[in-house]
Amino acid sequence: QLQLVESGGRLVQTGGSLRLSCVASGFRMDPYTFGWFRQAPGTEREGVSYIDKSGDNSYYADSVKGRFTISRDNAKKTVYLQMNNLGPEDTALYFCAAKFIDPDFHGTRWYLEPQEYENWGRGTLVSVSS
């Protein structure tokens with residue numbers, strides 16, 4: 001059974017850092033591209049960062065560019081999101097998502113919308129105090 005479990009969220013002060021983890025189980029990570037999304041109360045789920053199946057390419061929303069770094073370790077079956085210089089605007093429930101990519105496709109294409117992902121974790125809460 002394919003499962004994603006996020007962790008690492010907690011309350012931090014403005015300017016602080018957190019590293020979120022997403023552990024995958026029940027499937028091999030290799031053919032999947034991963035995304036981190038977030039959703040604040042009363043808002044739609046938005047994409048934060050994405051990493052392709054090779055791990056060599058990543059994409060960031062403008063709001064987090066230069067502050068967040070996504071990475072993956074297929075051997076540990078984990079995707080990470082390093083978040084630095086956090087602000088109250090980063091407060092949200094953070095979700096990890098995985099999308100299967102055809103193994104015969106060797107390019108890079110970014111899937112930015114939540115509806116493009118088949119597999120989701122339950123989220124981890126990040127709260128940033130001002």
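## Strand pairing around S11

Two strands are taken to pair if DSSP finds at least two bridges between them. Strands themselves are DSSP runs (E, at least two residues), numbered from the N terminus. The structure described here is a predicted model, in which local features need pLDDT of at least 70 and side-chain atom pairs count only at pLDDT 80 or more, while totals for chains, interfaces and linings use all residues. Residues are numbered from 1 along each chain as its sequence is written, and side-chain values use heavy atoms, with hydrogens and water left out.

Strand S2 (residues 11-13) runs parallel to S11, and 3 bridges join the two. Within this pairing, Val12 stands opposite Val128 in S11. Strand S9 (residues 92-100) pairs with S11 in the antiparallel sense, over 3 bridges; here Ala92 stands opposite Val126. Strand S11 spans residues 124-129 and has two faces: Thr124, Val126 and Val128 are on the covered one, whereas Leu125, Ser127 and Ser129 are on the uncovered one.

## The disulfide

A search of the whole structure finds 1 disulfide, a disulfide being a pair of cysteine sulfur atoms within 2.5 Å. The bond joins Cys22 and Cys96, with sulfur atoms 2.2 Å apart. The pair links distant parts of the chain, since Cys22 is in strand S3 (residues 18-25) and Cys96 is in strand S9, 74 residues apart.

The torsion about the S-S bond of Cys22 and Cys96 is about -75°, so the disulfide is left-handed. Both cysteines, Cys22 and Cys96, are buried. Buried means under 20% relative accessible area, exposed means over 50%, and partly exposed lies in between (1.4 Å probe, protein chains only).

## The cavity

The whole structure holds 1 cavity of 30 Å³ or more. A cavity is a set of points, on a 1 Å grid over the protein atoms alone, where a 1.4 Å probe fits but cannot get out; lining residues have an atom within 4 Å of a point. Grid points are joined across faces, edges and corners, and the volume is the space filled by probe spheres set on the points. The largest cavity contains about 60 Å³ of space.

Its lining consists of Thr33, Asp52, Lys53, Ile101, Phe105, Gly107, Thr108 and Arg109. These residues divide into 2 nonpolar, 3 polar and 3 charged. In this scheme Ala, Val, Leu, Ile, Met, Phe, Trp, Tyr, Cys and Pro count as nonpolar, Asp, Glu, Lys and Arg as charged, and the others, Gly among them, as polar.

## Pro114

Pro114 is found in the loop between S9 and strand S10 (119-120). With a relative accessible area of 16%, Pro114 is buried. Leaving aside neighbours within four places in sequence, Pro114 is in contact with Phe37, Arg45 and Trp120, where contact means heavy atoms within 4.5 Å. From Pro114 to Asn74 the C-alpha to C-alpha distance is 22 Å, and the two are 40 residues apart in sequence.

## Positive phi values

Most residues other than glycine have a negative phi. Lys77 is not a glycine, yet has a positive phi of about 55°. Lys77 is placed in the loop between strand S7 (68-73) and strand S8 (78-83), and is partly exposed, with a relative accessible area of 27%.

Asn85 also has a positive phi, near 50°, and is a residue other than glycine. Asn85 is placed in the loop between S8 and S9. At 48% relative accessibility, Asn85 counts as partly exposed.

Key
Helix = DSSP H or I, 4+ residues; strand = E, 2+ residues; numbered from the N terminus. 1 Å grid on protein atoms, 1.4 Å probe; cavity = no way out; pocket = protein on both sides within 12 Å on 5 of 7 lines; lining within 4 Å.
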